[in-house]
Amino acid sequence: MSRRIAVLSEEVANQIAAGEVVERPASIVKELVENAVDAGADDIRVELEIGGCRSIRVVDNGSGIEQEDVALVFERHATSKIVRIDDIHDAGSFGFRGEAMASIASVARVELLTRRPDDLAGTKATAQAGSISEISPAGVPSGTQITVTELFANVPARRKFLKTEATEQSACLDAVMRLALSHPEIRFSVRADGRNMFAAPAAASVADRVAMVLGRDFTDHCLTIAQRKENVELGGMVSTPTWTKSNSKSVYLFVNSRFIRDNSMMHALLAAYRQVMEPRRFPAAVLFLRLPGEEVDINVHPAKMEVRFKNSRIIYDLVSGAVSRALAGAQASRDAVAYRLAPREMAADSSEFQKSRPYQASWGRQRDVFSRANLQRALDEDLFARAGETDVPARVEDASCEERITFDHRTYLGQFAGAYLVFGGPGGLMLLDQHAAHERILLERLKATGKGPVASQPLLMPEVVTLTPAQISLLTEALPLLAGIGLELEVFGRDAVVVKAMPAALPNVDARLLVSDLVDGLGEGQAAPSLAEKKEKILASLACHAAIKAHAELSPAEVAALCRDLEETPFNATCPHGRPIRVRFTLYEIERMFKRK
Ligand code: ADP
Ligand code: MG
């Protein structure tokens, strides 16, 4: 490079800084609402157009800004919240970097109307491309109203990164929801394109606010956490082990009222559930951590989404300990009740019990199911009989060259750990993941029927599923697609949908779980997935829900039917998530393990 070094112009420097702070409309919503909270507002209204891509307006009834200071609002490193670096620790405010307004104004047009409650006149200002074009006195209500338009008009490359309107809107709602969770005393509302999307009146307690934001369904299925260790305090709610989610998006972690992402806290939470929750499912949780400002560095991330703890070990132990204790308490009281009611059924049926002691429990139960007589009967069934009809090949099967699963010459030996079906044969030993296998069978069936009109089965009792406003926003866009697959849903108010019909091919599916998982899947992945990709994803989720679970006991006849169906299914060696359906050990490999070869 022959070019000389030059200091970047302020405009370019601001645009670069904006890259970190203003990623999408939701980042602007977050910064504006945080400023309103910092200004002491107790009523914050957000209005969005086209998912925030056309305009974002945040109106608050907070302190307002003095006319002389208005010019500074859009300056970088101009803040009213700290003076010295040490002030960061006890600032107690969201902002302190003095960067957000400058960044927003460098990539959008910003109009500001503000008046302090005691002033007679207010101020109006507009800023664009990093500079203020106008400041004038104006008659305005007390508080501050900021309107952001023409987002990324001067950096068109960034517009391309925006996702669909529904996805952006959903992210904006999420941003407001997170602040609403940690500030029950403030009234929040969001309107999108003139429609009310979210309204949370001031609440008496965090628990009330959590119910408003995440829905009663969560608060009805949660355990309360309250624990203290040295000068660190943890409070909040976590879901019971059976109320599960398909990803960790419903885990909300707050440190001193600030929403954060933290791998260590997340890990501690999941560790507590490991023993009691189905694999690959996640809890919902709202956890508030309070600790002295000097124990945590909040200045390690431009949008302050990550923090660094001075002593992360204490935090980890506190979270995993408190959640484990809550789960153990719930488990103990549930077991006690169940034991009184039906001690024997409980012992046979408690999947929790089984998960904590997988081998004992499942082997104990299987001794009955796969007694010699039962096994013999199973062997007589068509699938197993086939092994006897043909000559057993002498060749040891080469594991690598068989791409499809077949059950020729295999004998069913039993179910292991409640999840794997074990087969023996001249080729060696095969373990089949019962859930993954069934999932693949159902997916291929759904795909085959999905080409024509899909039969749907109206529910006798339509089921109401509560969702967050952000989820409703995502789901609304997908309704026609879902209807085409036989899943008929209708939005019901701001925070619920009614399930009216399900695909006929999928009986016995928990509608609540299905819908909540479907929605969680909708916001993930590519910016603009094709219709076919979306459909495939939805079908995969349907199949996953309808498939037999791990820890479901299968009769030999059911195993036979499953094997037969699997043989007839395309792509039968991997599940829809790309995991293997079976694992094999050749006789040679087994003998090697025993040092016989
Ligand atoms: P920071 O929040 O880090 O101080 P910002 O760029 O977000 O930086 O805001 C700059 C300043 O503008 C704030 O320090 C505050 O004094 C003022 N300000 C911004 N929004 C509001 C608001 N809604 N009400 C009152 N003052 C505001
Ligand atoms: Mg700010």
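Q: Which residue just after H8 takes a positive phi?
A: This is a predicted model, so the angle is a property of the prediction. The residue follows directly on helix H8 and has a phi of about 100 degrees. The residue is Gly215.

Q: Which residues of helix H8 are buried?
A: Helix H8 covers residues 206–214. To count as buried, a residue must have under 20% relative accessible area. In H8 the buried residues are Arg209, Val210, Ala211, Val213 and Leu214.

Q: How many helices and strands does the chain have, and what share of its residues is buried?
A: The secondary structure comes to 22 helices and 22 strands. The chain has 597 residues. Its buried share is 48%.

Q: What share of the contacts with a separation of 6 or more joins residues 24 or more positions apart?
A: Contact here means heavy atoms within 4.5 Å. Among contacts in the chain with a separation of 6 or more, the share from residues 24 or more positions apart is 68%.

Q: What part of the accessible surface belongs to carbon and sulfur atoms?
A: The accessible surface of the chain totals about 29,100 Å². The part that belongs to carbon and sulfur atoms is 53%.

Q: How many cavities of 30 Å³ or more are there, and how much space is in the largest?
A: A search of the whole structure finds two cavities of that volume. The space in the largest cavity is about 110 Å³.

Q: Which helix gives the most residues to the lining of the largest cavity?
A: The lining includes Lys30, Glu34, Ala175, Arg178, Leu179 and Ser182. Two helices, H2 (25–38) and H7 (165–182), each supply at least two lining residues. With four residues, the helix that gives the most is H7.

Q: Why does the largest cavity lie between two domains, and which are they?
A: The lining takes residues from both domains, so the cavity lies between them. By class, the lining residues are six nonpolar, two polar and three charged. The two domains are domain 1 (10–200) and domain 2 (215–327).

Q: Which residues lie nearest the centre of the second largest pocket?
A: This pocket holds about 1,100 Å³ of space. Its lining divides into 21 nonpolar, 12 polar and 16 charged residues, and H7 gives the most to it, with seven. Of the 49 lining residues, those nearest the centre are Asp174, Arg178, Lys249, Phe259 and Arg261.

Q: Is Cys53 buried or exposed?
A: Cys53 is in the loop between strand S1 (43–49) and strand S2 (55–60). Beyond its neighbours within four places in sequence, Cys53 is in contact with Pro25, Leu151, Arg159, Leu162 and Glu168. Its relative accessibility is 12%, so Cys53 counts as buried.

Q: How far apart are the C-alpha atoms of Cys53 and Phe152?
A: Along the chain, these two residues are 99 residues apart. The separation of their C-alpha atoms is 9.1 Å.

Q: What is the relative accessible area of Glu536?
A: Glu536 is placed in helix H20 (residues 531–546). Glu536 is partly exposed, because its relative accessible area is 36%.

Q: What is the C-alpha to C-alpha distance between Glu536 and Lys447?
A: Not counting residues up to four places away in sequence, Glu536 touches Leu443 and Lys447. Glu536 and Lys447 are 89 residues apart in sequence. Their C-alpha to C-alpha distance is 7.9 Å.

How values were computed
Residues numbered from 1 in each chain as written. Chains lettered and ligands numbered in written order. Predicted model: local features only at pLDDT ≥ 70, side-chain atom pairs only at ≥ 80, totals over all residues. Heavy atoms only, no water. Buried < 20%, exposed > 50% of the residue type's maximum accessible area, 1.4 Å probe, protein only. Areas by Shrake-Rupley, 256 points an atom, 1.4 Å probe, with all protein chains shown as cover. 1 Å grid on protein atoms, 1.4 Å probe; cavity = no way out; pocket = protein on both sides within 12 Å on 5 of 7 lines; lining within 4 Å. Points joined across faces, edges and corners; volume = space filled by probe spheres on them. Nonpolar A, V, L, I, M, F, W, Y, C, P; charged D, E, K, R; others polar. Domains from an automatic or database assignment.
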